[in-house]
Amino acid sequence: MIADNDTAGLNGAKKLIAACPVPCCELVLPAKDAREFYKNGGTKELIEALLKSAVWRNPGVKTVR
C-alpha cells in the first residue's frame, strides 16, 4: 500500500491494511504522493530499498516477540 504522505493518506492506508486479507505493508514515499516522488527522480530501485525495511502484516500468522 503506497500512502500519500499526509494525514488523510496515512489514515486511509491504516484502515485499508487493517481490513486487507492478504499480506501487505504501508509504504510512505519521501514526497507528497507517488506522482511527486516520480517527478523528483524517484526510481523503482528506491521503492525496492524502502520495501526492504517495511513491516509486513500477514493475516493468520502470529508475530513472536
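Tutor: Buried means under 20% relative accessible area, exposed over 50%, and partly exposed in between, using a 1.4 Å probe on protein chains only. This is a predicted model: local features need pLDDT of at least 70, side-chain atom pairs count only at pLDDT 80 or more, and totals for chains, interfaces and linings use all residues. Residues are numbered from 1 along each chain as its sequence is written, and side-chain values use heavy atoms, leaving out hydrogens and water.

Student: How many salt bridges does a search of the whole structure find?

Tutor: Side chains of opposite charge can pair when their charged atoms come close. A salt bridge needs a side-chain nitrogen of Lys or Arg within 4 Å of a carboxyl oxygen of Asp or Glu. Searching the whole structure gives three.

Student: Which residue forms a salt bridge with Lys14?

Tutor: The closest N and O atoms of the pair are 3.2 Å apart. Lys14 is partly exposed at 49% relative accessible area. Its partner is Glu26.

Student: Is Asp33 buried or exposed?

Tutor: Asp33 pairs with Lys32, with the closest N and O atoms 3.4 Å apart. Lys32 is partly exposed, at 45%. Asp33 has 15% relative accessibility, so Asp33 counts as buried.

Student: Which helix holds both Lys44 and Glu48?

Tutor: These two form a salt bridge, the closest N and O atoms being 3.7 Å apart. Helices are DSSP runs (H or I, at least four residues), numbered from the N terminus. Lys44 and Glu48 sit four residues apart, about one turn, in helix α3.

Definitions and conventions:
Helices (H or I, at least four residues) and strands (E, at least two) are DSSP runs, numbered from the N terminus.
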